[in-house]
Amino acid sequence: MFGIIVLLCVVGISFFFPYQQVFVFTETRSDDPKLYYLRIEDARDFQIIFTHSIHKSDVIELYKITEDSKIQLVSMMYEDLAIGMPGHAEEGQTFEEKDGIYKLSYDDKVIDSFTLFVADIDMDLIFKYKQKDYDLKKLLERSKAYEFKVKKVSLYEQWKGAKMND
């Protein structure tokens, strides 16, 4: 009997113990938030690519996962200056232009999470990881905001959430 209780405790603990590192998109402004996740493998860098709603040109944001599972913004590349796009560097940044492409690089910009809004417009919003594109307009609900972060999740959280990759 004692062995069965120990076995049940071990199984229960392993079911709820966070072990798998994932990219997590958690719906905000909801009483029952939906969780979507992508498993993280060996690659530590990823991109978010979106079409600017006014300029109609692509913006490419490059990120890295830090050793302590935070998000480091590496750089942002775009073709058009003006509304919403920086035209100069601030402290801790480097701004350059080459062949009509602007690049804003960050020296050490590390954050825990950020909010991503999936607008209900037909413009690209792609999450790129390990050379694979994930169309966030198809995988997430439009007109909703999501907190994006890197974290470890348990089997229970994976079972409860929606897996976005194989």
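Which residue in β11 is the bridge partner of V24? In β11, V24 has K149 as its bridge partner.

This is a predicted model, in which local features need pLDDT of at least 70 and side-chain atom pairs count only at pLDDT 80 or more, whereas totals for chains, interfaces and linings use all residues. Residues are numbered from 1 along each chain as its sequence is written, and side-chain values use heavy atoms, with hydrogens and water left out.

View 1. Strands (DSSP runs of E, at least two residues, numbered from the N terminus) pair if DSSP finds at least two bridges between them. Strand β11 (residues 144-153) pairs in the antiparallel sense with strand β1 (residues 20-27) over 8 bridges, and also with strand β8 (residues 113-118), antiparallel over 6 bridges.

**View 2. The aromatic pair F25 and F127.** Rings of Phe, Tyr and Trp (its six-membered ring) pair if their centres lie within 6.5 Å, planes under 30 degrees apart counting as stacked, over 60 as edge-to-face and the rest as tilted; the count comes to 16 aromatic pairs. The rings of F25 and F127 have centres 5.7 Å apart and planes at 85 degrees, so this pair is edge-to-face. Both F25 and F127 are buried.

Key
Helices (H or I, at least four residues) and strands (E, at least two) are DSSP runs, numbered from the N terminus. Buried means under 20% relative accessible area, exposed over 50%, partly exposed in between (1.4 Å probe, protein chains only).
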